[in-house]
Amino acid sequence: MPAEYLLLMLACVAITLPLEFVLGARVYRRPRRLVLAVLPLLVIFYVWDAVAIARGHWDYSPAHTTGWLLPFAVPIEEMVFFIVIPLCGLLTFEAVGRMLGKRSAASAASSSEPSPRSRNVPSLPEFREQERVPGAKDGGTGVGDA
Amino acid sequence: MPEYTVATAVAVVAVVAVELLWARTGIFRTAQYWITMAIVFFFQVLVDGWLTKLSDPIVRYAPAQFAGIRFPLDIPIEDFGFGFALVTGTIIAWQLAGRKETA
């Protein structure tokens, strides 16, 4: 099946969606930061792939790829790979961070009873509020100093 | 030495050097990073295992260009260095971009 490699990448995107929308990873919702994180590695690994293909380190099964080649004979699937896999890594990293933060927050608040927050999926405004805290604090300090 | 083996070793050393000497995000000292990498490793075995399975491979490796060790499944061991460099590099860049965002 020529779409097999692309479908595998699609499966990676699908399986990690709950990390964003259930566990609250907030990776898709910070698109600028996401681009800044993915783009440099995409460029480096694209070059690596192009060199490896040119030097015959590996090639791709024509039966499982679309055959659509980007510059330097890099299959479109490989560029998708260099976006999807880092994205999955970041979603995991942020979801793990939220889980660890939630656990320490819950144990600090109460040891006998899970807090209502840890059971509920936090809403979007709650995330926004959290992200604004450092900025707001900085502003406050500035005013206090002046 | 096979070229893919050399390239992978260079990539791993380069990413670790970038973190320790320049970026200094501190991720190597956090449980968050190492738990992430354990999860990523598990899913890499599944996805990469599918890509490289010798019975019907999607990506086909020239035997002369890697060390020849395929483990686990049919995954050339170099792929784990490749994956480590890609994901760790991305997390470093993510942390740097976040630093700028809040600064």
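**Values and definitions**

Tutor: At 1.5 Å a residue, the 21 residues of α1(B) should span 30 Å, and its end C-alpha atoms lie 28 Å apart, which agrees. The expected span of a helix is 1.5 Å times one less than its number of residues, and helices (H or I, at least four residues) and strands (E, at least two) are DSSP runs, numbered from the N terminus. This is a predicted model, in which local features need pLDDT of at least 70 and side-chain atom pairs count only at pLDDT 80 or more, while totals for chains, interfaces and linings use all residues. Residues are numbered from 1 along each chain as its sequence is written, and chains are lettered from A and ligands numbered from 1 in the order in which they are written.

Student: Why is Arg30(A) called buried?

Tutor: A residue is buried if 20 or more other C-beta atoms, placed from the backbone, lie within 10 Å of its own, exposed if 12 or fewer, and partly exposed in between. Arg30(A) has 20 other C-beta atoms within 10 Å, and therefore counts as buried. Arg30(A) is found in the loop between α1 and α2 (31–54) of chain A.

Student: Which residues of α1(B) are buried?

Tutor: In α1(B), the buried residues are Tyr4(B), Ala7(B), Thr8(B), Ala11(B) and Val15(B). Of the 103 residues of chain B, 34% count as buried.

Student: Where does α1(A) bend, and by about how many degrees?

Tutor: The bend at a residue is the angle between axes fitted to the seven residues ending there and the seven starting there. For α1(A) this angle is about 30 degrees at Ile15(A), and a proline, Pro18(A), follows within four residues.

Student: What makes β1 of chain A and β1(B) a pair?

Tutor: Two strands pair if DSSP finds at least two bridges between them. Strand β1 (residues 58–60) of chain A and β1(B) have three bridges, in the antiparallel sense, and Tyr60(A) stands opposite Val59(B) in β1(B).

Student: How many residues does each chain bring to the contact?

Tutor: Chain B brings 29 residues and chain A 33 residues, where two residues are in contact if their C-beta atoms, placed from the backbone, lie within 7 Å. On the side of chain B that touches chain A, α3(B) gives the most, with 11 residues.
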